[in-house]
Amino acid sequence: MVYLDSAASTQKPRAVVDAMSHFYYNDYANIHRGIYELSERATRIFESAREDVRRFINARHIEEIIFVRGTTEAINLVAESYGRTHFKTGDEVIVSAMEHHANIVPWVMRDLHLKVIPLLESGECDQAAYRQLFTSKTKLVALTHVSNVLGTINPVREMIQIAHAHGVPVLVDGAQAVPHFAVDVAALDCDFYAFSGHKMYGPTGTGVLYGKRAHLDAMPPYQGGGDMIETVSFDKVTFAKTPNKFEAGTPDIAGVVGLSAAIGYLEKIGMSSIAAHDAVLLADAEKKLSTIAGVRIIGCATKKVGVISFVIEGVHPHDVGTVLDHAGVMVRAGHHCAMPLMKRLGVHATVRASFGIYNDIAEVDALIAAIETAQKMFAGRCLHESA
Ligand code: 7TS
């Protein structure tokens, strides 16, 4: 099995699975409500995971960490809650042309007008064009840290400084960044930062919204229910403080325990070692792919993570994916939830290989061999309509 689809979701280390089952077997109860020892223990474990996340992304305050289901929910939370008091129809949000649908659809659903940062041929944001997009109606910049298709690492720190100079806050979609290199939200000075547990070796159903405390304190709750209130009567409700205000209902308690174990696992390896390993795999894959005639790599930014998209002349990406699967090589083929980017690139789909900490050079070689097999099989014919 050669798993090259970590950008979609990572496999889980034993440390994560064991931490979750240990929690269920030994420490499990609902949190924030028990007066008995087991519930207090579960609460302590859950809240210590919040501190682990704070440390992992270098947030200043533990209250700035909100547990959500994933990046998608984090962005929807900002669109709904921050949006309720800050956006009106016709206001503008600046996004890039490389955004995942999760960082497009929530803004469109709020009737905001999207101003789009165009891409250079390299797959990088056109910074000169970005500077021109700000108007008096710009209410937010919502930008991916790393493209899930191109692998491009955006210079978010500089882009945040530009937005702040215009008095505009910035939300960063960090889904593809956090698994690959150390992220420091204090140094970035972003207003919001969203990421998913399942892409960083943690469990599905977990994710984080980081928000600057001043924003979160001023924002109305996202969902209503238990655990997010101070007092309730039939005609008036007062809300709990941040972060509980945003965490209505019973959360994925064991999932958060698993997320904390994933952080511990990554910290033990070291994010700089992870980034170095990623760079080796990417360089090797790019070198070998670029020597195969008929293969075109899409995205050649100077700074990239181990995510590599490509198309093969005369072979539909879905056919490539199928042949690769028969060879035991798992990649993603399709639009990668980035339809506007596909349009900009002039393709319907790409094949995407993405690396994780468990991949090695032999697996890059397996990918290359499987691509050569696909090319031989499809020489002169194509099952699907050609992209
Ligand atoms: N933002 C980016 C940049 C992503 O890559 C993804 C998921 C999301 C947001 C949404 O994350 P979720 O955990 O809330 O679903 N990207 C992909 C992918 O590239 N292949 O499958 C999912």
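User: Is Asp-27 buried or exposed?
Analyst: In this predicted model, Asp-27 is buried, with a relative accessible area of 11%. Because the limit for a buried residue is under 20%, that value falls in the buried class.

User: Where is Asp-27 found?
Analyst: Asp-27 sits in the loop between H1 and helix H2, the latter covering residues 37–57.

User: Which residues does Asp-27 touch?
Analyst: Leaving aside residues up to four places away in sequence, Asp-27 touches His-22, Leu-38, Arg-41, Ala-42 and Ile-45.

User: Now Ala-7. Where does Ala-7 lie?
Analyst: Ala-7 belongs to the loop between strand E1 (2–3) and helix H1 (14–26).

User: Is Ala-7 buried or exposed?
Analyst: Ala-7 is buried, and its relative accessible area is 3%.

User: What does Ala-7 touch?
Analyst: With residues up to four places away in sequence not counted, the contacts of Ala-7 are Gln-176, Lys-199, Val-307, Arg-352 and Ser-354.

User: What separates the C-alpha atoms of Ala-7 and Tyr-25?
Analyst: A distance of 31 Å separates these C-alpha atoms, and the two residues are 18 residues apart along the chain.

User: Let us turn to the ligand. How many residues surround the ligand, and which are the closest?
Analyst: The ligand is surrounded by 16 residues, of which Thr-72, Asp-173, Ser-196, Arg-332 and Arg-352 are the closest.

User: And by class, what does the shell have?
Analyst: The shell around the ligand consists of four nonpolar, eight polar and four charged residues.

User: What is the distance from a ligand nitrogen to the side chain of Asp-173?
Analyst: A nitrogen atom of the ligand is 2.5 Å from an N or O atom in the Asp-173 side chain. For Ser-196, an oxygen atom of the ligand is 2.7 Å from a side-chain N or O atom. In the case of Lys-199, a ligand nitrogen is 2.9 Å from an N or O atom of the side chain.

User: How much of the ligand does the protein bury?
Analyst: The ligand taken alone exposes 490 Å², and the protein buries 87% of that area.

User: Next, helix H3. What length does H3 reach?
Analyst: Helix H3 spans residues 71–86, and its 16 residues reach 21 Å from first C-alpha to last. This is close to the 22 Å expected at 1.5 Å a residue.

User: Which residues of H3 are buried, and what covers them?
Analyst: The buried residues of H3 include Thr-71, Glu-73, Asn-76, Ser-81 and Tyr-82. Their cover includes strand E6 (170–173), strand E7 (192–196) and helix H8 (213–218).

Terms used: Residues are numbered from 1 along each chain as its sequence is written. This is a predicted model: local features need pLDDT of at least 70, side-chain atom pairs count only at pLDDT 80 or more; totals for chains, interfaces and linings use all residues. Side-chain values use heavy atoms; hydrogens and water are left out. A residue is near a molecule or strand if one of its heavy atoms lies within 4 Å of it. A polar contact is a pair of N or O atoms within 3.5 Å; within protein, one must be able to donate a hydrogen and the other to accept it, and residues adjacent in sequence count only if both atoms are side-chain atoms. Accessible areas come from the Shrake-Rupley method with a 1.4 Å probe; for residues, only the protein chains shown count as cover. Ala, Val, Leu, Ile, Met, Phe, Trp, Tyr, Cys and Pro count as nonpolar, Asp, Glu, Lys and Arg as charged, and the others, Gly among them, as polar. Helices (H or I, at least four residues) and strands (E, at least two) are DSSP runs, numbered from the N terminus. The expected span of a helix is 1.5 Å times one less than its number of residues. Buried means under 20% relative accessible area, exposed over 50%, partly exposed in between (1.4 Å probe, protein chains only). Contact means heavy atoms within 4.5 Å.
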